[in-house]
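Please brief me on this model. Cover the ligand site, the surface and the backbone.

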Amino acid sequence: KMDSAEDKFCLREVLVSFKSCLLNDDKDVLVEHYLTGWKGLVRFMNTLGTVFSFVSKDAVTKIQIMENYLKGDNGERYRTLRSMVEYELSGNLVDLTKRSSHPDSGCRTLLRLHRALRWLQLFLEKLRTSSEDSKTSTLCSEAYNDSLANYHPWLIRKTASVAFFALPTRNTFFEVMNVGSPDVVVEMLGEALPYVSKVYDFTQELYVQRNLLDLP
Ligand code: 1PZ
């Protein structure tokens, strides 16, 4: 079937990846689909302009690190978050206090994406419940200050807060999502965000249990 909308970017599909990565009654997460979701988010971010390329570059680097583990000799151990954590911890493959022999463990790399997912969750929830005249830069920096900013040094916080002013208006933002009218976007977010929350909550719980939330 010919469908020109098919190859066009759509945020709905991206958020659906976060639904499809949930396994075993939300008690595990498939790494491959988690990364598919992230690649979609990066694509979306790149449509917002070059100002955000310093953000997407870091996300791409981290996605790449995780994909290399998946493709590597021990790829099977990286199939789900639970098995990755189990494998890396039991093999002493995680730097717990200082980056040294395992500076780019799957656990610490995924933690960075996990913290960023919290930002995304907060930001999209703010967008969903915002009024038409809300400023995206304000919503974005509020979400950032309540999440990622706590882990970033001053220079990155400063750069991020300047970049937020380059964000398009709420309406333009909704248009680039390529989902439909603002009403439809709001509805889609209401359906899809619970899946992002489930993925976030599972990961958070796993990291709390194994005491991994402060990995350097
Ligand atoms: C839609 C507008 C996009 C706004 C994005 C808001 C987040 C701004 C964050 C800017 C930080 C990017 C610079 C890289 C920072 C890294 O030092 C940290 C820590 O990694 P380490 O140095 O320890 O290896 N990286 C991160 O915190 C991961 C940041 C990923 C950001 C992805 C944002 C997701 C955007 C989705 C857009 C829909």
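The points below are grouped by topic.

This is a predicted model: local features need pLDDT of at least 70, side-chain atom pairs count only at pLDDT 80 or more, and totals for chains, interfaces and linings use all residues. Residues are numbered from 1 along each chain as its sequence is written, and side-chain values use heavy atoms, leaving out hydrogens and water.

**Ligand site**
- The ligand is surrounded by 20 residues, each with a heavy atom within 4 Å of it.
- Among the closest are Asp58, Lys62 and Arg112.
- Asp58 places a polar side-chain atom 2.7 Å from a ligand nitrogen atom.
- Lys62 has a polar side-chain atom 2.8 Å from a ligand oxygen atom.
- For Arg112, the distance from a polar side-chain atom to a ligand oxygen atom is 3.1 Å.
- The ligand alone exposes 850 Å², and the protein buries 89% of that (Shrake-Rupley method, 1.4 Å probe).

**Surface**
- Phe54, Val55 and Ile156 make a nonpolar surface patch of about 210 Å².
- Patch residues have over 30% relative accessible area and no salt bridge; like charges are joined within 9 Å, nonpolar side chains (Val, Leu, Ile, Met, Phe, Trp, Tyr) within 5 Å.
- A salt bridge is a side-chain nitrogen of Lys or Arg within 4 Å of a carboxyl oxygen of Asp or Glu.

**Backbone**
- Asn92 has phi near 50°, a positive value in a residue other than glycine.
- Phi of Asn211 is near 55°, again positive in a non-glycine residue.

Notes. Polar contact = N/O pair within 3.5 Å; in protein donor to acceptor, adjacent residues only side chain to side chain.
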